[in-house]
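User: I would like to go through the strand pairing in this model. Could we take it one pair at a time?

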Amino acid sequence: MKSVFFTPVLAFIISCSGKKEEPQQKETFSIKGNHVIISENNPVLKKIITETVTEQQYSKNITSAGTIETIPNNYAEIASPFSGRVIRSFINIGQTVKAGSPIFEILAPGYSSVRKDYSDAMNDVRLAEKNYKRQQDLFRHGVGIQKELEEAETEYQNKKTSLSNVSSTLNTYNSKGSGGTYIIKAPISGEIISNKIVTGQYLKEDSEPVVIIAELSKVWVTGAVKEKDIRFISPGDPVSVKINTYPDMEITGKVYHISELVDEDTRSIKVLIQCDNPQRKLKPGMFAAVTYSAGTEKAVIIPSQALMQQGDRQYVWIKTGRNEFTKRFINPGSTSEKATMISSGLQPGDIIMIQGGIYMPGTK
(Lines give C-alpha, C1' and ligand atoms only; values in the text may rest on other atoms or scores of the structure.)
Protein backbone atom coordinates (compact mmCIF):
# COMPACT_ATOMS: atom_id res chain seq x y z
CA MET A 1 0.00 0.00 0.00
CA LYS A 2 1.37 3.42 -0.98
CA SER A 3 1.99 6.10 1.63
CA VAL A 4 0.01 9.29 1.39
CA PHE A 5 1.72 12.48 2.48
CA PHE A 6 0.12 15.72 3.49
CA THR A 7 2.92 18.22 2.72
CA PRO A 8 3.29 21.74 4.08
CA VAL A 9 1.34 24.30 2.09
CA LEU A 10 2.06 28.00 2.44
CA ALA A 11 -0.96 30.25 2.13
CA PHE A 12 -0.69 34.02 1.89
CA ILE A 13 -3.63 36.01 3.20
CA ILE A 14 -4.20 39.53 1.87
CA SER A 15 -5.62 41.92 4.45
CA CYS A 16 -8.04 44.70 3.61
CA SER A 17 -5.14 47.17 3.65
CA GLY A 18 -3.45 45.20 0.88
CA LYS A 19 -0.59 43.95 3.07
CA LYS A 20 0.53 40.35 2.98
CA GLU A 21 0.30 38.56 6.33
CA GLU A 22 2.71 35.88 7.56
CA PRO A 23 2.35 32.51 5.84
CA GLN A 24 0.36 29.80 7.76
CA GLN A 25 1.49 26.17 7.66
CA LYS A 26 -1.16 23.45 7.55
CA GLU A 27 -1.00 20.23 9.57
CA THR A 28 0.99 17.38 8.05
CA PHE A 29 0.46 13.63 8.42
CA SER A 30 1.87 10.59 6.68
CA ILE A 31 -0.82 7.86 6.38
CA LYS A 32 -0.30 4.24 5.38
CA GLY A 33 -3.41 2.12 5.99
CA ASN A 34 -4.15 2.34 9.73
CA HIS A 35 -0.66 3.71 10.47
CA VAL A 36 -0.14 7.45 10.91
CA ILE A 37 3.10 9.43 11.33
CA ILE A 38 2.76 12.99 12.62
CA SER A 39 5.37 15.52 11.53
CA GLU A 40 7.52 17.20 14.19
CA ASN A 41 6.09 20.67 13.54
CA ASN A 42 2.46 19.55 13.65
CA PRO A 43 0.62 21.35 16.53
CA VAL A 44 -1.53 18.23 17.04
CA LEU A 45 1.40 16.69 18.93
CA LYS A 46 0.84 19.15 21.77
CA LYS A 47 -2.77 18.02 22.10
CA ILE A 48 -1.96 14.31 22.41
CA ILE A 49 -1.72 12.55 25.79
CA THR A 50 -0.79 8.89 26.04
CA GLU A 51 -1.03 6.27 28.78
CA THR A 52 0.39 2.79 29.30
CA VAL A 53 -2.21 0.06 29.50
CA THR A 54 -2.26 -1.95 32.75
CA GLU A 55 -4.39 -4.66 34.30
CA GLN A 56 -6.56 -3.55 37.22
CA GLN A 57 -8.91 -5.19 39.71
CA TYR A 58 -12.32 -4.93 38.13
CA SER A 59 -15.68 -5.38 39.85
CA LYS A 60 -17.68 -7.51 37.47
CA ASN A 61 -21.32 -6.46 37.44
CA ILE A 62 -24.34 -7.94 35.69
CA THR A 63 -27.22 -5.64 34.81
CA SER A 64 -30.76 -6.57 33.88
CA ALA A 65 -34.18 -4.98 33.67
CA GLY A 66 -36.69 -5.60 36.44
CA THR A 67 -40.23 -4.87 37.56
CA ILE A 68 -41.52 -4.00 41.05
CA GLU A 69 -44.04 -6.55 42.36
CA THR A 70 -45.94 -7.16 45.56
CA ILE A 71 -44.92 -10.13 47.69
CA PRO A 72 -47.77 -12.69 47.31
CA ASN A 73 -48.11 -13.28 51.07
CA ASN A 74 -48.43 -9.51 51.55
CA TYR A 75 -51.21 -9.06 48.98
CA ALA A 76 -54.90 -9.98 49.16
CA GLU A 77 -57.81 -9.59 46.75
CA ILE A 78 -61.13 -9.76 48.59
CA ALA A 79 -64.42 -10.88 47.08
CA SER A 80 -67.60 -12.08 48.72
CA PRO A 81 -67.81 -15.88 49.17
CA PHE A 82 -71.62 -15.59 49.06
CA SER A 83 -74.14 -13.85 46.87
CA GLY A 84 -75.76 -11.01 48.73
CA ARG A 85 -76.36 -7.30 49.11
CA VAL A 86 -73.84 -4.97 50.76
CA ILE A 87 -75.38 -3.32 53.81
CA ARG A 88 -72.30 -1.65 55.30
CA SER A 89 -68.66 -0.78 54.54
CA PHE A 90 -66.02 -0.33 57.23
CA ILE A 91 -63.07 0.94 55.17
CA ASN A 92 -61.81 3.74 52.89
CA ILE A 93 -59.12 3.79 50.22
CA GLY A 94 -55.68 4.40 51.71
CA GLN A 95 -56.74 3.18 55.14
CA THR A 96 -54.41 0.88 57.09
CA VAL A 97 -56.08 -2.24 58.49
CA LYS A 98 -54.98 -5.16 60.62
CA ALA A 99 -55.65 -8.82 59.94
CA GLY A 100 -59.14 -9.64 61.18
CA SER A 101 -60.46 -6.09 60.82
CA PRO A 102 -64.01 -5.89 59.34
CA ILE A 103 -64.08 -4.84 55.69
CA PHE A 104 -67.76 -4.94 54.70
CA GLU A 105 -71.03 -6.65 55.66
CA ILE A 106 -73.56 -8.28 53.36
CA LEU A 107 -76.99 -9.83 53.72
CA ALA A 108 -76.29 -13.33 52.40
CA PRO A 109 -78.87 -16.16 52.36
CA GLY A 110 -76.06 -18.60 51.54
CA TYR A 111 -74.35 -17.78 54.83
CA SER A 112 -77.58 -18.57 56.66
CA SER A 113 -77.52 -22.00 55.05
CA VAL A 114 -73.97 -22.64 56.28
CA ARG A 115 -74.90 -21.57 59.81
CA LYS A 116 -77.96 -23.88 59.70
CA ASP A 117 -75.75 -26.77 58.59
CA TYR A 118 -73.48 -26.08 61.54
CA SER A 119 -76.41 -25.95 63.96
CA ASP A 120 -77.86 -29.22 62.60
CA ALA A 121 -74.45 -30.90 62.86
CA MET A 122 -74.16 -29.81 66.50
CA ASN A 123 -77.56 -31.35 67.30
CA ASP A 124 -76.65 -34.57 65.50
CA VAL A 125 -73.48 -34.88 67.59
CA ARG A 126 -75.39 -34.36 70.84
CA LEU A 127 -77.94 -37.05 69.96
CA ALA A 128 -75.26 -39.49 68.79
CA GLU A 129 -73.24 -38.90 71.96
CA LYS A 130 -76.31 -39.44 74.14
CA ASN A 131 -77.10 -42.74 72.39
CA TYR A 132 -73.48 -43.90 72.62
CA LYS A 133 -73.35 -43.23 76.38
CA ARG A 134 -76.67 -45.07 76.86
CA GLN A 135 -75.35 -48.13 75.02
CA GLN A 136 -72.19 -48.05 77.16
CA ASP A 137 -74.28 -47.99 80.34
CA LEU A 138 -76.45 -50.89 79.16
CA PHE A 139 -73.41 -52.93 78.22
CA ARG A 140 -71.79 -52.33 81.61
CA HIS A 141 -74.91 -53.67 83.34
CA GLY A 142 -74.99 -56.78 81.19
CA VAL A 143 -78.16 -55.95 79.28
CA GLY A 144 -76.56 -54.29 76.27
CA ILE A 145 -75.48 -55.88 72.99
CA GLN A 146 -71.90 -55.55 71.73
CA LYS A 147 -73.00 -54.91 68.14
CA GLU A 148 -75.35 -52.07 69.13
CA LEU A 149 -72.59 -50.47 71.22
CA GLU A 150 -70.17 -50.60 68.28
CA GLU A 151 -72.81 -49.13 65.93
CA ALA A 152 -73.50 -46.30 68.38
CA GLU A 153 -69.78 -45.55 68.68
CA THR A 154 -69.36 -45.50 64.90
CA GLU A 155 -72.35 -43.19 64.51
CA TYR A 156 -70.98 -40.85 67.15
CA GLN A 157 -67.55 -40.64 65.45
CA ASN A 158 -69.15 -40.01 62.04
CA LYS A 159 -71.28 -37.17 63.41
CA LYS A 160 -68.23 -35.56 65.05
CA THR A 161 -66.38 -35.74 61.72
CA SER A 162 -69.30 -34.06 59.95
CA LEU A 163 -69.41 -31.33 62.60
CA SER A 164 -65.67 -30.74 62.19
CA ASN A 165 -66.08 -30.34 58.42
CA VAL A 166 -68.96 -27.88 58.74
CA SER A 167 -67.12 -25.99 61.49
CA SER A 168 -64.04 -25.69 59.26
CA THR A 169 -66.21 -24.32 56.47
CA LEU A 170 -67.73 -21.76 58.81
CA ASN A 171 -64.33 -20.76 60.19
CA THR A 172 -63.00 -20.33 56.67
CA TYR A 173 -65.35 -17.43 56.19
CA ASN A 174 -63.86 -15.77 59.28
CA SER A 175 -67.05 -13.99 60.27
CA LYS A 176 -69.02 -13.16 63.39
CA GLY A 177 -72.18 -12.29 61.54
CA SER A 178 -75.54 -13.26 62.91
CA GLY A 179 -78.69 -14.36 61.19
CA GLY A 180 -78.32 -13.81 57.46
CA THR A 181 -75.65 -11.09 57.67
CA TYR A 182 -72.04 -11.86 56.98
CA ILE A 183 -68.99 -9.72 57.79
CA ILE A 184 -65.95 -10.10 55.51
CA LYS A 185 -62.66 -9.55 57.35
CA ALA A 186 -59.15 -8.58 56.29
CA PRO A 187 -57.01 -11.73 55.83
CA ILE A 188 -53.77 -9.73 56.20
CA SER A 189 -52.56 -6.45 57.64
CA GLY A 190 -51.84 -3.69 55.12
CA GLU A 191 -53.17 -0.72 53.22
CA ILE A 192 -56.41 -0.56 51.24
CA ILE A 193 -55.09 0.15 47.74
CA SER A 194 -58.36 -0.52 45.89
CA ASN A 195 -61.94 -0.15 47.14
CA LYS A 196 -64.96 -0.76 44.89
CA ILE A 197 -67.53 -1.36 47.64
CA VAL A 198 -70.84 0.47 47.16
CA THR A 199 -73.47 0.20 49.88
CA GLY A 200 -76.57 -1.44 48.43
CA GLN A 201 -74.82 -3.19 45.55
CA TYR A 202 -75.53 -6.87 44.95
CA LEU A 203 -72.50 -9.15 44.81
CA LYS A 204 -72.39 -12.60 43.29
CA GLU A 205 -70.21 -15.27 44.87
CA ASP A 206 -68.15 -15.50 41.65
CA SER A 207 -67.82 -11.72 41.21
CA GLU A 208 -64.50 -9.89 40.83
CA PRO A 209 -62.62 -8.72 43.96
CA VAL A 210 -64.01 -5.48 45.37
CA VAL A 211 -61.15 -4.73 47.80
CA ILE A 212 -57.38 -5.12 47.49
CA ILE A 213 -55.05 -4.97 50.49
CA ALA A 214 -51.28 -4.77 50.14
CA GLU A 215 -48.50 -4.58 52.69
CA LEU A 216 -45.74 -2.70 50.83
CA SER A 217 -43.05 -2.22 53.48
CA LYS A 218 -41.18 -4.89 51.50
CA VAL A 219 -41.47 -5.59 47.78
CA TRP A 220 -40.01 -7.93 45.19
CA VAL A 221 -38.11 -6.86 42.11
CA THR A 222 -38.43 -9.46 39.37
CA GLY A 223 -35.41 -9.53 37.06
CA ALA A 224 -34.21 -11.77 34.23
CA VAL A 225 -30.57 -12.89 34.14
CA LYS A 226 -29.01 -14.45 31.06
CA GLU A 227 -28.30 -18.15 31.30
CA LYS A 228 -24.56 -17.60 30.85
CA ASP A 229 -24.42 -15.22 33.85
CA ILE A 230 -26.57 -17.08 36.38
CA ARG A 231 -23.50 -18.91 37.77
CA PHE A 232 -22.34 -15.63 39.30
CA ILE A 233 -25.54 -15.13 41.34
CA SER A 234 -26.59 -16.86 44.57
CA PRO A 235 -29.48 -16.42 47.04
CA GLY A 236 -28.60 -13.76 49.62
CA ASP A 237 -26.28 -11.81 47.30
CA PRO A 238 -26.55 -8.01 47.65
CA VAL A 239 -28.16 -6.20 44.72
CA SER A 240 -28.35 -2.56 43.67
CA VAL A 241 -31.65 -1.30 42.24
CA LYS A 242 -32.26 1.93 40.34
CA ILE A 243 -35.67 3.43 39.56
CA ASN A 244 -36.03 6.03 36.80
CA THR A 245 -38.56 7.92 38.91
CA TYR A 246 -36.01 8.35 41.72
CA PRO A 247 -32.59 8.45 39.99
CA ASP A 248 -30.77 9.71 43.10
CA MET A 249 -32.29 7.19 45.54
CA GLU A 250 -29.98 4.40 46.70
CA ILE A 251 -31.94 1.15 46.81
CA THR A 252 -30.39 -2.12 47.92
CA GLY A 253 -31.84 -5.59 48.17
CA LYS A 254 -30.94 -9.25 48.34
CA VAL A 255 -31.47 -12.13 45.96
CA TYR A 256 -34.47 -13.97 47.44
CA HIS A 257 -35.01 -16.75 44.90
CA ILE A 258 -33.58 -18.03 41.62
CA SER A 259 -36.01 -19.87 39.38
CA GLU A 260 -35.31 -23.46 38.39
CA LEU A 261 -36.70 -22.82 34.90
CA VAL A 262 -35.04 -21.27 31.86
CA ASP A 263 -37.09 -19.16 29.45
CA GLU A 264 -36.47 -20.93 26.15
CA ASP A 265 -37.18 -17.83 24.06
CA THR A 266 -34.83 -15.41 25.85
CA ARG A 267 -32.45 -17.97 27.45
CA SER A 268 -32.83 -16.10 30.72
CA ILE A 269 -33.74 -17.10 34.28
CA LYS A 270 -36.15 -15.30 36.60
CA VAL A 271 -34.57 -13.87 39.77
CA LEU A 272 -36.53 -12.41 42.70
CA ILE A 273 -34.92 -9.62 44.75
CA GLN A 274 -36.44 -8.51 48.04
CA CYS A 275 -36.13 -4.82 48.93
CA ASP A 276 -37.18 -2.81 51.94
CA ASN A 277 -39.71 -0.11 51.08
CA PRO A 278 -40.33 1.85 54.30
CA GLN A 279 -41.37 5.07 52.51
CA ARG A 280 -43.64 3.18 50.06
CA LYS A 281 -41.94 4.87 47.11
CA LEU A 282 -41.53 1.61 45.21
CA LYS A 283 -44.86 1.00 43.50
CA PRO A 284 -45.92 -2.32 41.94
CA GLY A 285 -45.51 -2.10 38.16
CA MET A 286 -42.55 0.32 38.19
CA PHE A 287 -39.59 -0.58 35.99
CA ALA A 288 -36.14 -0.94 37.54
CA ALA A 289 -32.51 -1.50 36.53
CA VAL A 290 -30.96 -4.26 38.61
CA THR A 291 -27.19 -4.60 39.11
CA TYR A 292 -25.78 -7.84 40.54
CA SER A 293 -22.22 -8.01 41.84
CA ALA A 294 -20.37 -10.93 40.27
CA GLY A 295 -17.10 -10.58 42.18
CA THR A 296 -13.81 -9.10 41.03
CA GLU A 297 -11.26 -10.06 38.41
CA LYS A 298 -8.19 -8.60 36.72
CA ALA A 299 -8.93 -6.86 33.46
CA VAL A 300 -7.61 -4.22 31.08
CA ILE A 301 -9.29 -0.93 31.96
CA ILE A 302 -8.84 2.24 29.90
CA PRO A 303 -10.36 5.74 30.06
CA SER A 304 -13.59 5.79 28.07
CA GLN A 305 -12.44 8.97 26.28
CA ALA A 306 -9.71 6.93 24.55
CA LEU A 307 -12.34 5.03 22.54
CA MET A 308 -13.01 6.20 18.99
CA GLN A 309 -15.92 5.15 16.79
CA GLN A 310 -15.88 3.96 13.18
CA GLY A 311 -19.27 2.77 12.00
CA ASP A 312 -20.41 0.13 14.47
CA ARG A 313 -16.86 -0.65 15.61
CA GLN A 314 -14.62 0.97 18.22
CA TYR A 315 -10.87 1.49 18.16
CA VAL A 316 -7.97 3.16 19.93
CA TRP A 317 -4.72 4.72 18.72
CA ILE A 318 -1.67 2.67 19.73
CA LYS A 319 1.70 4.45 19.93
CA THR A 320 4.10 2.42 17.79
CA GLY A 321 7.05 4.82 17.57
CA ARG A 322 8.13 8.41 17.95
CA ASN A 323 5.15 10.45 16.73
CA GLU A 324 3.73 7.25 15.20
CA PHE A 325 0.30 5.77 15.94
CA THR A 326 -1.66 2.79 14.64
CA LYS A 327 -5.43 2.39 14.68
CA ARG A 328 -6.41 -0.85 16.46
CA PHE A 329 -9.95 -2.14 16.67
CA ILE A 330 -10.94 -3.53 20.08
CA ASN A 331 -13.89 -5.30 21.75
CA PRO A 332 -15.12 -3.28 24.76
CA GLY A 333 -16.89 -4.94 27.67
CA SER A 334 -18.65 -3.18 30.52
CA THR A 335 -18.42 0.57 30.22
CA SER A 336 -19.18 3.69 32.24
CA GLU A 337 -18.77 7.40 31.64
CA LYS A 338 -15.16 7.34 32.86
CA ALA A 339 -13.77 3.82 32.32
CA THR A 340 -14.21 0.87 29.97
CA MET A 341 -13.17 -2.74 30.41
CA ILE A 342 -11.59 -4.17 27.25
CA SER A 343 -12.51 -7.76 26.41
CA SER A 344 -9.93 -8.15 23.64
CA GLY A 345 -7.59 -6.08 21.46
CA LEU A 346 -5.26 -4.61 24.10
CA GLN A 347 -2.49 -6.03 26.28
CA PRO A 348 -0.77 -4.65 29.38
CA GLY A 349 2.18 -2.54 28.21
CA ASP A 350 0.47 -1.12 25.11
CA ILE A 351 0.69 2.67 24.97
CA ILE A 352 -2.57 4.27 23.86
CA MET A 353 -3.69 7.77 23.04
CA ILE A 354 -6.18 8.87 25.70
CA GLN A 355 -6.56 12.45 24.49
CA GLY A 356 -6.19 14.07 21.07
CA GLY A 357 -7.70 11.28 18.98
CA ILE A 358 -10.27 13.62 17.44
CA TYR A 359 -7.45 15.49 15.68
CA MET A 360 -6.19 12.37 13.91
CA PRO A 361 -6.93 11.88 10.18
CA GLY A 362 -10.32 10.38 9.49
CA THR A 363 -11.76 11.14 12.94
CA LYS A 364 -12.97 14.70 12.44
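User: How many bridges join S10 to strand S13?
Analyst: This is a predicted model. In it, two bridges join S10 to strand S13, which covers residues 190-195. The two strands run antiparallel.

User: What is the bridge partner of valine 97 in S13?
Analyst: Valine 97 has glycine 190 as its bridge partner in S13.

User: In what order do the strands of that open sheet come?
Analyst: The order is S8-S15-S13-S10, four strands with antiparallel pairing. Strand S8 (75-78) and strand S10 (96-97) are the edge strands, and each pairs on one side only.

User: What holds strands of a sheet together, in general?
Analyst: Strands of a sheet pair through backbone hydrogen bonds, in either a parallel or an antiparallel sense.

User: Changing topic to S20. How many bridges join strand S7 to strand S20?
Analyst: There are 12 bridges between strand S7 (residues 55-69) and strand S20 (residues 287-303), and the two run antiparallel. Within S20, alanine 289 is the residue opposite alanine 65.

User: And S17, over how many bridges does that strand pair with S20?
Analyst: Strand S17, residues 238-243, pairs with S20 over five bridges in the antiparallel sense. Here tyrosine 292 of S20 stands opposite valine 239.

User: Is the pairing of S20 and strand S24 parallel or antiparallel?
Analyst: It is antiparallel: four bridges connect S20 and strand S24, the latter spanning residues 339-344.

User: Which residue in S24 stands opposite isoleucine 301?
Analyst: Methionine 341 in S24 stands opposite isoleucine 301.

How values were computed: Residues numbered from 1 in each chain as written. Predicted model: local features only at pLDDT ≥ 70, side-chain atom pairs only at ≥ 80, totals over all residues. Heavy atoms only, no water. Pairing = 2+ DSSP bridges.
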